[in-house]
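Reader: Could you show me how to read the surroundings of a ligand and the packing of helices?

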Amino acid sequence: MNTPATPRLFLAPMEGVTDWAMRDLLTSVGGIDQCVTEFLRITDQLMPPSVFYKNCPELKTNSKTRAGTPVFIQLLGGQARPLAENAARAAELGALGIDLNFGCPAPTVNRHDGGATLLKSTDRLFEIVQTVRAAVPKNIPVTAKIRLGFDDPHACLANAQAIEAAGAQWLTVHCRTKTDGYKPPAYWEWISKIKAVTKIQIVTNGEIWTTADFLKCYATAQTNDYMIGRGALRDPYLFNRIKDTFSDRSLNETTFLEVKTLIPSFYDSSAVYLNEQFAVARTKGWMKQLCLSIPEFKDIFEEVKVLTKPHEFKSRLEYLLN
Ligand SMILES: Cc1cc2nc3c(=O)[nH]c(=O)nc-3n(C[C@H](O)[C@H](O)[C@H](O)COP(=O)(O)O)c2cc1C
């Protein structure tokens, strides 16, 4: 395989999930080289700085999480000029990079000319990336994230070429079409087809839940960079475990005992990020995911999921986790 020894691992942008508190937690657990914010939807307005700070509080800490992991700001929209103006503003506020979302399958987003619907128009992808590229200082990377296509995976070839020609620094490919939704499998085999027609750095994404999935993906895609989304929620140590397969160390299966210590601090940072009611909702959301991979969480989740008052939720949760 023509790849360096240790891959670079990215935490996927996930709207409503990988906000500042989750990025902070997961990057403190370790193994993550790069984060991207949840998408910021751009129509025809220049967003005020407050919107950027809410999307990416890390702007106030050199655009890095407290663990030192860089965070790029993701913009989503269909109009090149407003995207470029907002990208320029993000750069002025200290963004380390701008990622453009061309993969979102949400019907509301697609109806309003954003996300995966743009995969049908290679020319528009080119125009958007080029215009944004021209609007931000040269030292700030502009990157893009696509699916294989809207309904036809072959679209990824021309789209990747256009995005490369427009000056993007790297391209994340979620290896499914919009029509595939989130249905397994992810078609990692398309990555070698994209590599055959471009030189752009590719970040391979989709369906990496375990180290074994990663190794299969690595053998198929043979890229240096990989992005993981939902798998990170079910196993916060997944990035470390993947990295450890490239070293002499080896981590055991992630255990209940390890993960349970992370939950109270996630609650606290979610409360700092927004408020305690939000922290209750986010902590429940994450615990629901953890129940799918670590069965010991099930009884605890069943008991706390009905609690809505923050102090009740928090004290019961802490009692059950101790
Ligand atoms: C709840 C949720 C929210 C998402 N939000 C975004 C987003 O804001 N921007 C984006 O580019 N992709 C978004 N995605 C897609 C993920 O970044 C990723 O491409 C997808 O989940 C596949 O990776 P995975 O199989 O590792 O989860 C989202 C996915 C989920 C499940």
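Author: Strand S2 (34-41) and helix H9 (230-234) each give at least two residues to the shell around the ligand, where helices (H or I, at least four residues) and strands (E, at least two) are DSSP runs numbered from the N terminus. This is a predicted model, in which local features need pLDDT of at least 70 and side-chain atom pairs count only at pLDDT 80 or more, while totals for chains, interfaces and linings use all residues. Residues are numbered from 1 along each chain as its sequence is written.

Reader: Which residues come nearest to the ligand?

Author: A residue is near a molecule if its C-beta atom, placed from the backbone, lies within 6 Å of it. Of the 22 residues around the ligand, the nearest are Ala12, Met14, Glu15, Gly229 and Arg230.

Reader: How should I read the packing of two helices, and at what angle do H13 and H14 pack?

Author: Two packed helices are described by the angle between their axes and the distance between those axes. Axes are lines fitted to C-alpha atoms, for helices over the stretch in contact, and angles run from 0 to 180 degrees between N-to-C directions. Helix H13 (residues 276-293) and helix H14 (residues 297-304) pack at about 150°, with their axes 8 Å apart. H13 is therefore roughly antiparallel to H14, a term for angles over 145 degrees.

Reader: Which residues of H13 and H14 meet?

Author: Residues are in contact if their C-beta atoms, placed from the backbone, lie within 7 Å. Met287, Lys288, Leu290 and Cys291 in H13 meet Phe297, Lys298 and Phe301 in H14.

Methods. Parallel < 35°, antiparallel > 145°, perpendicular 65-115°, else oblique. Contact = placed C-beta atoms within 7 Å.
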